[in-house]
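Have the viewer open as you go through them.

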Amino acid sequence: MKAVVYSPNPESPHLARAIRRLERDVLRMGALVEQSFRLSHQALFARNLTAAEELPRLDKKIDRFYRQIESDCTAIMTLQAPAAQDLRCLSAFMQLVRDLERIGDYAEDLAEIAVKLFPYPIHTSLPEIAVMSHHAQAMLATSLVALADLDEAGGRNIKHLDDVVDNAYDHLYQTLAQQRDVQGVVEPIILLALAIRCLERMADHATNIGQRVAYIVTGQRS
């Protein structure tokens with residue numbers, strides 16, 4: 001069955017403009033989340049504590065976008081009587097910005113983990129974790145491109161990219177859990193286990209964003 005590509009209701013140009021503004025705000029929020037993810041990567045893998053210090057300020061901006069977009073979506077639904085196709089777009093935006101907000105929260109968590117890890121020697125698993133982080137960041141970037149282009153196929157394909165991150169998580173978890181030559185405190189092992197869990201969840205939320213893009217375009221859930 002051929003997909004029906006989403007387009008705002010031409011009979012309501014004011015509503016169409018409002019939805020386009022919302023889409024731009026979602027993409028601006030997405031750009032901030034991408035920046036927070038990059039900073040958390042620098043903090044954790046380049047031991048850049050200055051990058052870690054920037055995360056709380058950036059997270060406040062992300063949260064403001066989240067609250068504003070959610071409020072704007074609710075106002076449009078309540079006051080402008082949108083048609084069914086516009087309602088599905090608005091509802092998808094509300095879910096999508098929640099995914100973005102959670103990725104931003106996890107980025108802040110990673111920065112806090114980086115600060116706690118800083119006094120310890122670099123763990124041998126860190127380069128492999130960095131590769132996992134790069135994959136998750138690429139998933140987020142791909143999901144935002146799919147949103148900007150309203151690319152159904154691009155949105156759906158992200159779930160296949162998630163397999164790489166899931167496999168990395170499983171392998172790294174086993175490596176950390178089965179490490180037997182630990183000398184001294186085990187805090188670095190616990191922190192790295194938390195870090196890979198954050199990255200795995202960030203990739204899951206990027207996958208969700210891709211699925212929500214496909215829903216906007218087709219009205220069909222996976």
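How do the residues of the lining of the largest pocket divide into nonpolar, polar and charged?

1. Ground rules. This is a predicted model, in which local features need pLDDT of at least 70, side-chain atom pairs count only at pLDDT 80 or more, and totals for chains, interfaces and linings use all residues. Residues are numbered from 1 along each chain as its sequence is written, and side-chain values use heavy atoms, leaving out hydrogens and water.

2. Overall layout. The protein has 6 helices and 0 strands, which from the N terminus read α-α-α-α-α-α. Helices (H or I, at least four residues) and strands (E, at least two) are DSSP runs, numbered from the N terminus. The C-alpha trace spans about 70 × 40 × 20 Å along its principal axes.

3. The largest pocket. The lining divides into 14 nonpolar, 4 polar and 2 charged residues. Here Ala, Val, Leu, Ile, Met, Phe, Trp, Tyr, Cys and Pro count as nonpolar, Asp, Glu, Lys and Arg as charged, and the others, Gly among them, as polar. The largest pocket holds about 360 Å³ of space. Of its 20 lining residues, Y120, P121, I122, H123 and P188 are the closest to the centre. Two or more lining residues come from each of α1 (13-45), α3 (84-117) and α6 (187-218), with α6 giving the largest share, 3 residues. (A pocket is an open set of points on a 1 Å grid over the protein atoms alone, where a 1.4 Å probe fits, with protein on both sides within 12 Å along at least five of seven lines; lining residues have an atom within 4 Å of a point. The volume is the space filled by probe spheres set on the points, which are joined across faces, edges and corners.)

4. α4 against α5. The axes of α4 (residues 126-149) and α5 (residues 152-177) come within 10 Å and cross at roughly 165°. Axes are lines fitted to C-alpha atoms, for helices over the stretch in contact, with angles from 0 to 180 degrees between N-to-C directions. The two helices are therefore roughly antiparallel (over 145 degrees; under 35 counts as roughly parallel). The contact, meaning heavy atoms within 4.5 Å, includes M132 and M139 of α4 and Y169 and L172 of α5. By class, this contact has 12 nonpolar, 6 polar and 2 charged residues.

5. α4 against α1. What angle do the axes of α1 and α4 make where they cross? They cross at roughly 170° and come within 11 Å, which makes α1 roughly antiparallel to α4. Among the residues that meet are F37 and F45 in α1 and L140 and L144 in α4. This contact divides into 15 nonpolar, 5 polar and 3 charged residues.

6. α4 against α6. These helices pack at an angle of about 15°, with their axes 9 Å apart, and are therefore roughly parallel to each other. Residues that meet include I129 and L147 in α4, and L192 and I216 in α6. The contact of α4 with α6 has 16 nonpolar, 4 polar and 1 charged residues.

Definitions and conventions. Angles under 35 degrees count as roughly parallel, over 145 as roughly antiparallel, 65 to 115 as roughly perpendicular and the rest as oblique.
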